[in-house]
Structures are given as structure tokens and as C-alpha cells.
Amino acid sequence: MNHSKKLPVCPESDVLSLIEMKQVPVHCNVLWPTRGEAINAPRGDIRLGYLPGCGHTCNLDFDPSLMEYTQEYENSLHFSPRFQEYATALAEGLIAKYDLHDKDIVEIGAGKGDFLIMMCSKQGNRGWGYDPSYVPEEGYTAPNVTFVQDFYTEKYTHQRADLIVCRHVLEHIEDPDAFIAQVRRAVGDQKSVVFFEVPNSLWTLRQGGIWDVIYEHCSYYSPLSLAYLFQRHGFKVLAVNEVFGGQFLTIEAVPDDGADLPQDASAELAQLTADARSFAAHYQAKRDEWQARLAALAGAGKRGVVWGAGSKGVTFLNAMATGEEIAAVVDINPRKQGKYVPGTGQQIVPPLELVNIRPDFVIIMNANYRDEIGKMLADIGIGADILVA
């Protein structure tokens, strides 16, 4: 297969073509103030390719000029009790494991600042967070944390850190090799620990997580490709873990210019390559299944909602080209409520609005939140069928 630009992680690899998705919204996490603007949101193409040389997956048609991460970008999961429980346990685990008390912490891609504030608020740590989408908000500040409304570039690498955190950013970066090389230069001869978290492509490929394929994510990391990336840029990998029900990957690493690349991952690569080959068929089958299911519900006069205006929900709505059978999208994040979904134009409403909509069914995008959503529905007296996409 021909490709016109340098491949990430293992540029010497062959490319196995997986799926194509034409004219999808380029930003799932930028919502729009009017339905018209949402329907006319900027679009781009996805041509997903798998690299059997290192187990990496990427969008071969990704165009970085289409991406704009401003203060309108909103992907915080902080408002979910289930996710907050996970993030709290993660922060506490890092603090305990690396004795993070009275230490300096840098977070690359700090979002709205929730995680960095958590890491610094009770342990006497000092934090520096970098993100162009950061918006100061009452209740999400701390006197020992500084936020910079900018990308983390070479001009900020002078800031020393005992821990560098970067969660759900690396998958957005077209040239991860240059980025991790920059992080390595920032660490220099310090004994910094580096902690990254990304979506887990194993889960996407093996569990049929087709709603995880979005334009913002130009790269999809497996445990093999994530470790390979860090090792080839002078890090010693301490751990790679599958977390959050297997949907995320975390990596912990320290500087070590003598680190060896993996000696033999042939068996794991062979299995992952087989999973990648089967993904395309699974993708089409799942799309066909849900299109038939929605058509049957609409034919029976049923109306429902999608719960979750994040990337999974936006991808599902656009892949299905949904119409009036989906009356609205529910989200507990007040920053999203009242806005409209890119591509399909459904309005985003708070859970309590379901009392007026009275949906026959609720489609949830992530089984990890089923109990949480079920309880919220019960609390407001909604007995709709819960369907897991």
C-alpha cells in the first residue's frame, strides 16, 4: 500500500489497510451553539492503517491543519462519579508509588486542570499545566498550580519536574516521535518519572470498539507500540498496564539512554496483526447490526436518546446517520448542555430533561457507566430500555 508521508512509531513498517470513514466531523469534542452550525461542522476522512512492524495503528489521511484545540474543546469526564473514582485512584496510586510529596509535577495537556489539581491539592506538590483549551473556572484552581494556555513546546522544557504526566494527548499528535524526543530533552539528566495514558488499541481491535475511531485520534497505541516508542527515544519502560476495563493504556518510564528495544515480540505481533485483519469485518458487521436495530425501533414508532456527548456518542450518531429516532443526546457535563452534536445536530440536554422527552430507549456508549446511568434514570423515574452500543 502506498503512503505519502512518514509513518509514526515504526516508519520502516509495511501498512495493512483496515477501514475508511469518509467526511466525519474532525472534532468530536467541539460542540456547537446552533443546530445549523453543528450540521455544517468541518469534516475530514479517516483511512485507518495498521503497522505490523510495531503493532501501531494510525489514520493515513490525517490532516493536522484541520485541527484547532481552543477553549471550545471540551472532553472532561470529571463530572462522572465512575470516572472520578478511577482518576482519584490513579492519582493516589502515583503519589504513593513515587512518593510525590513536596514535588514538582508537569502535566502536558492538562485539559480543565482536574487531575493536576488533584495531584497537588493535598500533598504539598507544585504543578504546571499546559493546554490551549484550559479555561479558568471557579472551584478548579489551587494556589500551588500554574496553568499556561498554550501547547507544551520547547520553550517550556526548562521547567523541572519530578513527574511528567500526559493523559489522552499522545493519540492526537501526528509526529509522536518528535514529541517524545522533546519530552526526553525536557527530562535531561533529571530522575523524572514520565507517566502517559492513551486509549488502548487492543480493546478497540479485539472488542469491536468501533466508536473509538475518531478524527482527532491520528494514532492508536497497543502495549507493544507504546513501549517501542518510548524505548527508541531513550526511556526505560517500568510498566505498561491496561486500565479502566481495558479501554486505556498507561506507561511509566524513566530516562535511560542505554535502554534496549524489545528483543522478540513476534508472537504478540502476530496475534495483534491477526486481530487487526479481523477488525474491518467486525466494524462493518457492527455498523450493519446497529443500522438494522435503529431502523426497527423507528419502524415501531420508538424514540430514544444517546447518553454521552463525547467521542463515542458523536461517532455513533454520525456513523448511523441518525434522524428523528434519536430525540436528543444526554450528558451530565454542564459545559456541554444546550449545545449541538457536530454532524448530526442533536441537542445536548441534562438528564432531568428526559422527564419531558420520555424516551423508549437509552443508548449508552460505554458499558463502564451502565450502573451509574441506570441509577440516574431510576432516580428521575425513567424506565426506558438501556441498550449498550
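This is a predicted model: local features need pLDDT of at least 70, side-chain atom pairs count only at pLDDT 80 or more; totals for chains, interfaces and linings use all residues.

Student: In what order do the strands of the open sheet lie, and with what pairing?

Tutor: A sheet is read from one side to the other, strand by strand. Here five strands form an open sheet in the order β14-β13-β12-β15-β16, and their pairing is parallel. At the edges lie β14 (348-349) and β16 (385-388), each of which pairs on one side only. Four bridges join β15 (residues 361-364) to β16 in the parallel sense; F361 has D385 in β16 as its bridge partner.

Student: Which strands do helices α8 and α10 lie across?

Tutor: Helix α8 (residues 311-320) lies across β12 (304-307), β13 (326-330) and β15, at about 140° to β12. Helix α10 (residues 370-379) lies across β12, β15 and β16, at about 160° to β16.

Student: At what angle do α7 and α8 pack?

Tutor: The axes of α7 (residues 266-299) and α8 are 10 Å apart and meet at an angle of about 75°. Angles of 65 to 115 degrees count as roughly perpendicular, so α7 is roughly perpendicular to α8. In this contact, R287, W290, Q291 and L294 of α7 meet F316, A319 and M320 of α8. These residues comprise five nonpolar, one polar and one charged.

Student: How many residues of α3 are buried?

Tutor: Buried means under 20% relative accessible area. In α3 (residues 114-121), six of eight residues are buried, namely D114, F115, L116, I117, M119 and C120. The buried residues pack against α2 (81-97), β4 (104-108), β5 (126-130), β6 (145-148) and β7 (163-167).

Technical notes:
Residues are numbered from 1 along each chain as its sequence is written. Side-chain values use heavy atoms; hydrogens and water are left out. Two strands pair if DSSP finds at least two bridges between them. Helices (H or I, at least four residues) and strands (E, at least two) are DSSP runs, numbered from the N terminus. Contact means heavy atoms within 4.5 Å. Axes are lines fitted to C-alpha atoms, for helices over the stretch in contact, and angles run from 0 to 180 degrees between N-to-C directions. Buried means under 20% relative accessible area, exposed over 50%, partly exposed in between (1.4 Å probe, protein chains only). Angles under 35 degrees count as roughly parallel, over 145 as roughly antiparallel, 65 to 115 as roughly perpendicular and the rest as oblique. Ala, Val, Leu, Ile, Met, Phe, Trp, Tyr, Cys and Pro count as nonpolar, Asp, Glu, Lys and Arg as charged, and the others, Gly among them, as polar.
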